[in-house]
Amino acid sequence: MQNHINDKTLVSDTVFKYFIKNKEYQYWFYEIIEEKTGIDLRKYHLTDNEENTGNKIKDFRMDVVFENENKKVIVEMNNNNPEISDLKGHYYLHRVQGSQIKEGENYKPKTTTLIMFNNYKNPKTPNLAIGYYKMTEQVTQVTREDVESYEIALPLFHKNRYNEIEGKINKRLWIMGAENMENVRKQLDVSDENLKIIEEYERLVESDSRFGLLHNAEREQKMWMHVAKGIGYNEGVDEGKKEGVKQANLDMAKKMLAMDMPEEQISKITELSIQEIQKMKEKE
(Lines give C-alpha, C1' and ligand atoms only; values in the text may rest on other atoms or scores of the structure.)
Protein backbone atom coordinates (compact mmCIF):
# COMPACT_ATOMS: atom_id res chain seq x y z
CA MET A 1 0.00 0.00 0.00
CA GLN A 2 1.28 3.43 -0.90
CA ASN A 3 2.42 5.56 2.04
CA HIS A 4 0.43 8.79 2.12
CA ILE A 5 1.66 10.16 5.43
CA ASN A 6 3.48 13.03 3.78
CA ASP A 7 0.63 13.87 1.41
CA LYS A 8 -1.53 15.50 4.08
CA THR A 9 -1.00 17.61 7.17
CA LEU A 10 -3.32 18.77 9.93
CA VAL A 11 -4.07 21.86 7.81
CA SER A 12 -5.46 19.65 5.07
CA ASP A 13 -9.22 20.17 4.74
CA THR A 14 -10.00 16.45 4.90
CA VAL A 15 -7.91 15.77 7.98
CA PHE A 16 -9.06 18.89 9.82
CA LYS A 17 -12.73 18.13 9.23
CA TYR A 18 -12.30 14.66 10.65
CA PHE A 19 -10.69 15.90 13.87
CA ILE A 20 -13.00 18.87 14.43
CA LYS A 21 -16.11 16.65 14.13
CA ASN A 22 -14.70 13.94 16.38
CA LYS A 23 -15.61 14.59 20.04
CA GLU A 24 -12.52 12.74 21.21
CA TYR A 25 -10.15 15.12 19.39
CA GLN A 26 -11.96 18.39 18.74
CA TYR A 27 -10.79 19.85 22.07
CA TRP A 28 -7.30 20.07 20.53
CA PHE A 29 -8.45 22.69 18.04
CA TYR A 30 -11.02 24.30 20.34
CA GLU A 31 -8.32 25.18 22.87
CA ILE A 32 -6.08 26.67 20.17
CA ILE A 33 -8.89 28.89 18.91
CA GLU A 34 -9.94 29.97 22.39
CA GLU A 35 -6.43 31.03 23.41
CA LYS A 36 -5.61 32.86 20.18
CA THR A 37 -8.99 34.49 19.45
CA GLY A 38 -10.93 34.41 22.72
CA ILE A 39 -13.76 32.43 21.06
CA ASP A 40 -14.87 29.37 23.03
CA LEU A 41 -16.35 26.98 20.47
CA ARG A 42 -17.75 24.80 23.25
CA LYS A 43 -20.47 27.46 23.53
CA TYR A 44 -21.39 26.97 19.87
CA HIS A 45 -22.85 24.09 17.90
CA LEU A 46 -21.21 22.75 14.78
CA THR A 47 -23.59 23.22 11.87
CA ASP A 48 -23.74 20.97 8.84
CA ASN A 49 -20.14 20.28 7.92
CA GLU A 50 -19.07 21.95 4.67
CA GLU A 51 -22.11 24.23 4.81
CA ASN A 52 -22.99 25.83 1.50
CA THR A 53 -22.41 29.57 1.31
CA GLY A 54 -25.85 30.19 -0.18
CA ASN A 55 -24.54 30.43 -3.73
CA LYS A 56 -27.05 28.70 -6.01
CA ILE A 57 -24.86 28.92 -9.09
CA LYS A 58 -21.61 27.47 -7.83
CA ASP A 59 -21.57 25.12 -4.87
CA PHE A 60 -18.78 26.69 -2.80
CA ARG A 61 -18.43 24.97 0.55
CA MET A 62 -16.73 26.23 3.67
CA ASP A 63 -14.55 24.01 5.87
CA VAL A 64 -16.61 24.15 9.10
CA VAL A 65 -19.13 26.59 10.57
CA PHE A 66 -20.11 27.04 14.22
CA GLU A 67 -23.13 28.97 15.41
CA ASN A 68 -24.90 30.23 18.52
CA GLU A 69 -27.70 32.73 18.99
CA ASN A 70 -25.40 35.72 18.49
CA LYS A 71 -22.65 34.69 16.12
CA LYS A 72 -21.46 32.45 13.30
CA VAL A 73 -17.83 31.34 13.19
CA ILE A 74 -16.21 30.06 9.98
CA VAL A 75 -12.95 28.12 10.38
CA GLU A 76 -10.82 27.69 7.25
CA MET A 77 -7.56 25.80 6.68
CA ASN A 78 -5.46 27.30 3.89
CA ASN A 79 -2.58 25.79 1.96
CA ASN A 80 -3.16 27.82 -1.21
CA ASN A 81 -1.30 30.97 -2.09
CA PRO A 82 -2.28 34.06 -0.06
CA GLU A 83 -4.19 35.78 -2.84
CA ILE A 84 -6.53 32.85 -3.45
CA SER A 85 -7.02 32.00 0.23
CA ASP A 86 -7.79 35.59 1.19
CA LEU A 87 -10.31 35.87 -1.63
CA LYS A 88 -11.97 32.59 -0.68
CA GLY A 89 -12.14 33.33 3.03
CA HIS A 90 -13.62 36.79 2.69
CA TYR A 91 -16.00 35.62 -0.02
CA TYR A 92 -17.36 33.11 2.51
CA LEU A 93 -17.44 35.76 5.25
CA HIS A 94 -19.58 38.20 3.26
CA ARG A 95 -21.90 35.60 1.75
CA VAL A 96 -22.66 34.11 5.15
CA GLN A 97 -23.28 37.52 6.71
CA GLY A 98 -25.41 38.64 3.77
CA SER A 99 -27.48 35.45 3.78
CA GLN A 100 -28.57 36.09 7.38
CA ILE A 101 -30.70 39.09 6.41
CA LYS A 102 -34.27 37.78 6.33
CA GLU A 103 -37.66 39.31 5.86
CA GLY A 104 -40.00 39.87 8.78
CA GLU A 105 -39.90 41.10 12.34
CA ASN A 106 -38.05 38.04 13.65
CA TYR A 107 -34.80 39.05 11.96
CA LYS A 108 -31.97 39.20 14.49
CA PRO A 109 -28.54 40.22 13.15
CA LYS A 110 -25.55 38.06 14.03
CA THR A 111 -21.87 38.76 13.89
CA THR A 112 -19.86 36.56 11.52
CA THR A 113 -16.25 35.74 12.37
CA LEU A 114 -13.74 34.18 10.00
CA ILE A 115 -10.75 32.30 11.45
CA MET A 116 -8.09 31.31 8.92
CA PHE A 117 -5.18 29.00 9.73
CA ASN A 118 -2.70 29.86 6.98
CA ASN A 119 0.26 27.68 6.10
CA TYR A 120 2.06 30.77 4.80
CA LYS A 121 2.96 34.26 5.97
CA ASN A 122 0.80 37.23 5.09
CA PRO A 123 2.80 39.13 2.42
CA LYS A 124 1.65 42.48 3.84
CA THR A 125 2.50 41.61 7.46
CA PRO A 126 5.12 38.83 7.23
CA ASN A 127 6.11 39.09 10.90
CA LEU A 128 2.58 39.02 12.31
CA ALA A 129 1.75 35.62 13.78
CA ILE A 130 -1.89 36.41 14.58
CA GLY A 131 -3.78 39.19 12.82
CA TYR A 132 -7.18 40.60 13.75
CA TYR A 133 -9.13 42.62 11.20
CA LYS A 134 -12.33 44.67 11.07
CA MET A 135 -13.81 46.07 7.89
CA THR A 136 -14.14 49.76 7.10
CA GLU A 137 -16.68 50.95 4.55
CA GLN A 138 -14.85 52.61 1.67
CA VAL A 139 -17.39 55.40 1.20
CA THR A 140 -18.35 56.25 4.79
CA GLN A 141 -15.11 55.11 6.50
CA VAL A 142 -17.33 53.57 9.18
CA THR A 143 -16.00 50.39 10.80
CA ARG A 144 -18.42 47.48 10.47
CA GLU A 145 -19.18 45.65 13.69
CA ASP A 146 -20.92 42.66 12.12
CA VAL A 147 -17.91 41.03 10.44
CA GLU A 148 -14.39 40.32 11.66
CA SER A 149 -11.53 37.99 10.83
CA TYR A 150 -8.47 36.38 12.37
CA GLU A 151 -5.44 35.12 10.47
CA ILE A 152 -3.02 32.71 12.14
CA ALA A 153 0.27 32.41 10.25
CA LEU A 154 1.53 28.91 11.08
CA PRO A 155 5.09 29.32 9.68
CA LEU A 156 5.80 31.94 12.36
CA PHE A 157 5.46 29.23 15.01
CA HIS A 158 8.31 27.34 13.36
CA LYS A 159 11.11 29.68 14.35
CA ASN A 160 12.39 27.15 16.88
CA ARG A 161 12.58 23.38 17.23
CA TYR A 162 9.61 21.67 18.82
CA ASN A 163 11.28 21.07 22.19
CA GLU A 164 12.22 24.76 22.38
CA ILE A 165 8.61 25.99 22.01
CA GLU A 166 6.97 27.35 25.17
CA GLY A 167 3.30 26.69 25.89
CA LYS A 168 1.11 23.76 24.85
CA ILE A 169 -0.93 25.83 22.37
CA ASN A 170 2.17 27.10 20.56
CA LYS A 171 3.40 23.51 20.35
CA ARG A 172 0.13 22.51 18.71
CA LEU A 173 0.43 25.35 16.19
CA TRP A 174 3.98 24.18 15.46
CA ILE A 175 2.58 20.72 14.67
CA MET A 176 -0.21 22.17 12.50
CA GLY A 177 2.33 24.01 10.36
CA ALA A 178 4.66 21.06 9.94
CA GLU A 179 5.17 19.89 6.37
CA ASN A 180 6.36 16.38 7.24
CA MET A 181 4.41 14.50 9.89
CA GLU A 182 6.94 11.69 10.15
CA ASN A 183 9.54 14.21 11.30
CA VAL A 184 7.06 15.58 13.84
CA ARG A 185 6.63 12.14 15.38
CA LYS A 186 10.38 11.79 15.82
CA GLN A 187 10.43 14.91 17.99
CA LEU A 188 7.68 13.76 20.36
CA ASP A 189 8.50 11.56 23.33
CA VAL A 190 6.10 8.90 24.61
CA SER A 191 4.66 11.18 27.31
CA ASP A 192 3.83 14.08 24.98
CA GLU A 193 0.12 14.97 25.01
CA ASN A 194 0.18 15.57 21.25
CA LEU A 195 1.26 12.03 20.45
CA LYS A 196 -2.40 10.96 20.57
CA ILE A 197 -3.22 13.29 17.66
CA ILE A 198 -0.25 12.15 15.60
CA GLU A 199 -1.07 8.46 16.10
CA GLU A 200 -4.68 9.01 15.04
CA TYR A 201 -3.49 10.99 12.03
CA GLU A 202 -1.20 8.14 10.98
CA ARG A 203 -4.02 5.63 11.39
CA LEU A 204 -6.27 7.71 9.17
CA VAL A 205 -3.91 8.20 6.27
CA GLU A 206 -2.86 4.55 6.29
CA SER A 207 -6.30 2.96 6.65
CA ASP A 208 -8.65 5.22 4.72
CA SER A 209 -8.05 5.90 1.05
CA ARG A 210 -9.98 9.18 1.29
CA PHE A 211 -7.08 10.69 3.21
CA GLY A 212 -4.57 9.55 0.61
CA LEU A 213 -6.13 11.53 -2.19
CA LEU A 214 -4.07 14.58 -3.07
CA HIS A 215 -6.01 17.83 -3.08
CA ASN A 216 -6.35 19.30 -6.53
CA ALA A 217 -4.95 22.70 -5.64
CA GLU A 218 -4.52 23.72 -9.27
CA ARG A 219 -8.22 23.18 -10.02
CA GLU A 220 -9.31 25.09 -6.92
CA GLN A 221 -6.97 27.97 -7.72
CA LYS A 222 -8.40 28.30 -11.23
CA MET A 223 -11.93 28.24 -9.82
CA TRP A 224 -11.24 31.08 -7.40
CA MET A 225 -9.40 33.13 -9.99
CA HIS A 226 -12.56 32.94 -12.11
CA VAL A 227 -14.55 34.24 -9.16
CA ALA A 228 -12.08 37.08 -8.63
CA LYS A 229 -12.47 38.14 -12.24
CA GLY A 230 -16.26 37.96 -12.01
CA ILE A 231 -16.56 35.23 -14.64
CA GLY A 232 -19.89 33.41 -14.50
CA TYR A 233 -20.05 29.62 -14.25
CA ASN A 234 -22.76 27.66 -16.02
CA GLU A 235 -22.88 24.10 -14.68
CA GLY A 236 -26.37 22.73 -15.11
CA VAL A 237 -27.85 26.21 -14.63
CA ASP A 238 -29.57 28.07 -17.46
CA GLU A 239 -27.74 31.31 -16.96
CA GLY A 240 -24.48 31.96 -15.16
CA LYS A 241 -24.13 34.99 -12.94
CA LYS A 242 -21.15 36.96 -11.86
CA GLU A 243 -19.90 35.79 -8.50
CA GLY A 244 -17.89 37.24 -5.65
CA VAL A 245 -18.45 39.95 -3.11
CA LYS A 246 -20.36 42.10 -5.62
CA GLN A 247 -23.02 39.41 -5.99
CA ALA A 248 -23.22 38.96 -2.22
CA ASN A 249 -23.88 42.69 -1.85
CA LEU A 250 -26.57 42.60 -4.52
CA ASP A 251 -28.29 39.70 -2.75
CA MET A 252 -28.10 41.59 0.52
CA ALA A 253 -29.52 44.78 -1.04
CA LYS A 254 -32.46 42.89 -2.54
CA LYS A 255 -33.45 41.56 0.89
CA MET A 256 -33.06 44.99 2.43
CA LEU A 257 -35.34 46.49 -0.19
CA ALA A 258 -37.94 43.85 0.67
CA MET A 259 -37.70 45.09 4.25
CA ASP A 260 -38.34 48.70 3.07
CA MET A 261 -35.00 49.91 4.35
CA PRO A 262 -33.93 53.40 3.14
CA GLU A 263 -31.80 53.47 0.01
CA GLU A 264 -29.10 55.51 1.73
CA GLN A 265 -28.75 52.96 4.49
CA ILE A 266 -28.61 50.07 2.02
CA SER A 267 -25.90 51.91 0.11
CA LYS A 268 -23.80 52.36 3.24
CA ILE A 269 -24.05 48.69 4.21
CA THR A 270 -23.55 47.12 0.76
CA GLU A 271 -21.32 49.78 -0.85
CA LEU A 272 -23.63 49.78 -3.88
CA SER A 273 -24.42 53.13 -5.41
CA ILE A 274 -27.84 54.77 -5.00
CA GLN A 275 -28.29 54.39 -8.76
CA GLU A 276 -27.69 50.63 -8.61
CA ILE A 277 -30.16 50.26 -5.76
CA GLN A 278 -32.81 52.29 -7.56
CA LYS A 279 -32.43 50.11 -10.67
CA MET A 280 -32.94 47.03 -8.51
CA LYS A 281 -36.05 48.63 -7.02
CA GLU A 282 -37.50 49.36 -10.45
CA LYS A 283 -37.13 45.71 -11.44
CA GLU A 284 -39.04 44.48 -8.40
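Me: Buried means under 20% relative accessible area and exposed means over 50%, with partly exposed in between. Why does R185 count as partly exposed in this model?

Reply: The model is a predicted one, and in it R185 has 32% relative accessibility. Because buried requires a value under 20% and exposed a value over 50%, the 32% of R185 falls in between, and R185 therefore counts as partly exposed.

Me: R185 forms a salt bridge with E202; what makes this pair a salt bridge?

Reply: The closest N and O atoms of R185 and E202 are 2.9 Å apart, and since the cut-off is a side-chain nitrogen of Lys or Arg within 4 Å of a carboxyl oxygen of Asp or Glu, the pair therefore qualifies. R185 sits in helix α5 (residues 181-186) and E202 in helix α6, 17 residues apart, and the pair links distant parts of the chain.

Me: Why does E202 count as buried?

Reply: E202 has 17% relative accessibility, and because buried means under 20%, E202 counts as buried.

Me: How do you know that K71 and E148 meet in a salt bridge?

Reply: Their side chains come to 3.4 Å, N to O, which is within the 4 Å that the term requires, so the pair is called a salt bridge. K71 belongs to strand β3 (residues 71-78) and E148 to strand β6 (residues 143-153), 77 residues apart, and K71 and E148 are both buried.

Me: E31 forms a salt bridge with R172; where in the chain do E31 and R172 lie?

Reply: The closest N and O atoms of E31 and R172 are 2.9 Å apart. E31 is in helix α2 (residues 26-37) and R172 in helix α4 (residues 168-176), 141 residues apart, so that the pair links distant parts of the chain. E31 and R172 also belong to a network of salt bridges that includes K168 and E193, and the structure holds 14 salt bridges.

Me: Are E31 and R172 buried, partly exposed or exposed, and why?

Reply: E31 has 25% relative accessibility, a value between the cut-offs of 20% and 50%, so E31 counts as partly exposed. R172 has 0%, which is under 20%, and therefore counts as buried.

Me: Which residues have the most contacts inside the largest nonpolar core?

Reply: They are L10, F117 and M176, in a core of 43 residues. Helix α6 (residues 195-207) gives the largest share of this core, six residues. Leaving aside neighbours within four places in sequence, F117 is in contact with residues including V11, I32, I33, L154, L173 and M176.

Key. Residues numbered from 1 in each chain as written. Predicted model: local features only at pLDDT ≥ 70, side-chain atom pairs only at ≥ 80, totals over all residues. Heavy atoms only, no water. Core = buried A, V, L, I, M, F, W, Y, C linked by side-chain atoms within 4.5 Å. Buried < 20%, exposed > 50% of the residue type's maximum accessible area, 1.4 Å probe, protein only. Helix = DSSP H or I, 4+ residues; strand = E, 2+ residues; numbered from the N terminus. Contact = heavy atoms within 4.5 Å.
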